[in-house]
Each structure stands twice: as structure tokens, then as C-alpha cells.
Amino acid sequence: MYLLMENQHRSVPCFVRIVYANAFYICCGVAFMTLAVVSYERLIAVRLQVRYNAVFSSSRILRYMAFIWILNILFISLQWVVVKQVSRGIHLIAWFICLLVAAVSNIGIILSLRQHSRRVQPASRHPSQRNQSKQRIFR
């Protein structure tokens, strides 16, 4: 259990410390999972572009957010049923997976944007430069 600085004189009741510890794990879990979902959502937006609205509707996003909160509350509830260390271990593994999903999604976004910029770059040259490059090809 976390020791609060205010508890040096034993002025913070035990239930406050328990609520504090549980709220910490719930909020950190929600933050990591939201980071993963937003990163994945941005990757889909970059990759699918036009079909994005069909894949991510407002109701689907609300369902994802409700699922994230419920899942984190269930993870915390596990500590009252299962051994606390096992529950915290499951929670930490879920956080690691979320960070991994966010990292892979962001790498995918970077690669997609580089690929897109390479395709757009030749078309954005000045017309005289395009004519010069065509003349070099025909020589």
C-alpha cells in the first residue's frame, strides 16, 4: 500500500489510502489504454482515410471508452478475489501491451506518412522541373 506524506502522523484513515491506491491503478490503466486506442485510431485514420467514419463512429468510440473504464475497474476488483500481486501483475502486463500497441501504431503512422510524402513529392515539383526530368528520360 502507498504511504502518503500526510500519513506521517497517522492522520489519514486506512480506507482513504485504499481508495487512493485503487484510484491510482484505475486512472493509470485508463490513461495507458486510452493512449493505445487513440494511437490505433490515428493509424486507422491515416491508412483508411475515406472509410474512417465507417470504422470509427461516435457510438463505437463511446463503447470503447466504457469498455476501458470497466476493464480497469475489473482489474482492480481482481485484487479482492485473487492474490494482490497476481492482480497487479496482470494490470502491469496490460499496461505494457498498451504501450507496445501505441508504439507500433505510431511507427506505422510514421511509415505511412513517409510513404505518402514520397508519392506526393514528385507531383508537387514545379512544371519546368517536371519537363526537364521528362527530357532526361527521353534522351
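Helices (H or I, at least four residues) and strands (E, at least two) are DSSP runs, numbered from the N terminus. Helix 1 is followed by Gln49, whose phi is positive, near 45°.

This is a predicted model, in which local features need pLDDT of at least 70, side-chain atom pairs count only at pLDDT 80 or more, and totals for chains, interfaces and linings use all residues. Residues are numbered from 1 along each chain as its sequence is written, and side-chain values use heavy atoms, with hydrogens and water left out.

**Exercise 1. State the secondary structure of the protein and check the spans of helix 1 and helix 3.**

Step 1. The protein has 5 helices and 0 strands. From the N terminus, the order is α-α-α-α-α.

Step 2. Take the expected span as 1.5 Å times one less than the number of residues in the helix.

Step 3. Helix 1 has 35 residues. Its first and last C-alpha atoms are 51 Å apart, close to the expected 51 Å.

Step 4. Helix 3 has 24 residues and reaches 35 Å, close to the expected 34 Å.

**Exercise 2. Compare the UniProt "transmembrane region" residues with the model.**

Step 1. The unreviewed UniProt entry lists residues 20–40, 61–83 and 89–111. Such positions are given in the numbering used here, feature names are shortened, and annotations may be inferred rather than shown by experiment.

Step 2. Residues 20–40 are 100% helix and 0% strand. The end C-alpha atoms of this span lie 30 Å apart.

Step 3. Residues 61–83 are 91% helix and 0% strand, with end C-alpha atoms 33 Å apart.

**Exercise 3. Sort residues by burial, and find which positions of helix 3 are buried.**

Step 1. Apply the cut-offs: buried is under 20% relative accessible area, exposed is over 50%, and partly exposed is in between (1.4 Å probe, protein chains only).

Step 2. Of the 139 residues of the protein, 25% count as buried.

Step 3. In helix 3, the buried residues include Ile68, Asn72, Phe75, Ile76 and Gln79. An α-helix has 3.6 residues a turn, so residues three or four places apart point the same way.

Step 4. Now turn to helix 1, where Thr34 is found. Thr34 is partly exposed because its relative accessible area is 21%. Thr34 and Ile68 are 34 residues apart in sequence, but their C-alpha atoms are 7.5 Å apart.

Step 5. Cys27 is also in helix 1. At 43%, Cys27 is partly exposed.

**Exercise 4. Describe the largest pocket and its lining.**

Step 1. On a 1 Å grid over the protein atoms alone, a pocket is an open set of points with protein on both sides within 12 Å along at least five of seven lines. Lining residues have an atom within 4 Å of a point.

Step 2. The volume of the largest pocket is about 260 Å³. Of the 13 lining residues, Met33, Ala36, Val37, Ile68 and Cys98 are the closest to its centre.

Step 3. Helix 1 (14–48), helix 3 (58–81) and helix 4 (84–123) each supply at least two lining residues.

Step 4. Classify the lining: 13 nonpolar, no polar and no charged. Here Ala, Val, Leu, Ile, Met, Phe, Trp, Tyr, Cys and Pro count as nonpolar, Asp, Glu, Lys and Arg as charged, and the others, Gly among them, as polar.

Methods
On a 1 Å grid over the protein atoms alone, a cavity is a set of points where a 1.4 Å probe fits but cannot get out, and a pocket is an open set with protein on both sides within 12 Å along at least five of seven lines; lining residues have an atom within 4 Å of a point. Grid points are joined across faces, edges and corners, and a volume is the space filled by probe spheres set on the points.
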